[in-house]
Amino acid sequence: MKFADFVCFEALVPELKAGDRDSAIAELVSLLDKAGKLGKGSCREVTRAVIKREEEASTGIGRGVAVPHIKHDAVKDVVAAVGLISSGIDFSSLDKQPVYSIILLISPADDPDKHLQVMESIFKHLQNEMFRRFLRQCQTSEQIEDLLMEADENPYL
Amino acid sequence: MQVGQNSLEKVVREVAVEIKNTDGLHMRPAMQFVDIANQFDCDITVSNDENSVDGKSIMQMSMLAATCGTKLKIKAEGANAQEALDALRELVEEKHFDEPTPKRKKEL
């Protein structure tokens, strides 16, 4: 699976306004909502569900990245948003370090296999130090989009 | 100083497991796996048909995309290799990560 298959390009934020985890999540979910990716009226419910999931176990998997995600009926297909925050925020990460890059993912409730395939695509790149560095350096939405497209073409990025 | 320890021969053990829970090896199960793997000193490698990854890394484990029914090979090398495999096999196949397994489709 490629980024282009599930990332919502209207929801790429080079500098989140948020100063903490929950507002970062809310900001990204509302962008997905504005882009028409969520079922009508489900924005707040989705935000709450993502935060609840985060409370159960942090998706801050270390190295400055977090992948908050849920399965939810508000979406028909997997959709992702990307947000960066240059000052870093606390995500209760496994390595206790701040998070600078967030990939937020909403998967349909009834397709666990697709969720796994998308996670695979995301982690394939996230575990690459160069990709993490490039992502963090992006200054505009266009640069994020270009990086994701480039990653789609280059499995080693 | 320890004497008489033969550390030259590294114990290598391997086991095949199948993912039983409906949702497969998503992040929470992967974290449970990594948590247990990290309780042991031995190296732990997990492979599907395509990739071999470090069983102690959550990022790498998430790359396996192991769906329900997927067969994985777990290899442990070093101290307490067998104990590590026993614990991991139990987690995957018996506890199936404390998650539901698919309902049987139909009974004849």
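Helices, of at least four residues, and strands, of at least two, are DSSP runs numbered from the N terminus. In this predicted model, the elements of chain B follow the order β-α-β-β-α-β-α from the N terminus on. That makes three helices and four strands for chain B.

**Chain B overall**
- Chain B has 108 residues, of which 34% count as buried.
- Taking contacts in chain B between residues at least 6 apart in sequence, 73% join residues at least 24 apart.

**Helix pair α1(B) and α3(B)**
- Two packed helices are described by the angle between their axes and the distance between the axes.
- Helix α1 of chain B covers residues 27–37 and helix α3 of chain B covers residues 81–94; their axes come within 10 Å and cross at roughly 165 degrees.
- Angles over 145 degrees count as roughly antiparallel, and α1(B) and α3(B) are therefore roughly antiparallel to each other.
- The crossing in which α1(B) passes α3(B) is right-handed.
- On the α1(B) side the contact is made by B:Gln32, B:Phe33, B:Ile36 and B:Ala37, and on the α3(B) side by B:Ala84, B:Ala87, B:Leu88 and B:Leu91.
- Seven of these contact residues are nonpolar, one is polar and none is charged.

**Helix α4 of chain A**
- Helix α4 of chain A, residues 112–126, has 15 residues and spans 21 Å from its first C-alpha to its last, close to the 21 Å expected at 1.5 Å a residue.
- Buried residues in α4(A) include A:His115, A:Leu116, A:Val118 and A:Met119.
- Towards the end of the list of buried residues in α4(A) stand A:Ser121, A:Ile122, A:Phe123, A:Lys124, A:His125 and A:Leu126.

Terms used. Residues are numbered from 1 along each chain as its sequence is written. Chains are lettered from A and ligands numbered from 1 in the order in which they are written. This is a predicted model: local features need pLDDT of at least 70, side-chain atom pairs count only at pLDDT 80 or more; totals for chains, interfaces and linings use all residues. Axes are lines fitted to C-alpha atoms, for helices over the stretch in contact, and angles run from 0 to 180 degrees between N-to-C directions. Angles under 35 degrees count as roughly parallel, over 145 as roughly antiparallel, 65 to 115 as roughly perpendicular and the rest as oblique. A crossing is left-handed if the near helix is turned anticlockwise from the far one by less than a right angle, and right-handed if clockwise. Two residues are in contact if their C-beta atoms, placed from the backbone, lie within 7 Å. Ala, Val, Leu, Ile, Met, Phe, Trp, Tyr, Cys and Pro count as nonpolar, Asp, Glu, Lys and Arg as charged, and the others, Gly among them, as polar. A residue is buried if 20 or more other C-beta atoms lie within 10 Å of its own, exposed if 12 or fewer, and partly exposed in between; C-beta atoms are placed from the backbone. The expected span of a helix is 1.5 Å times one less than its number of residues.
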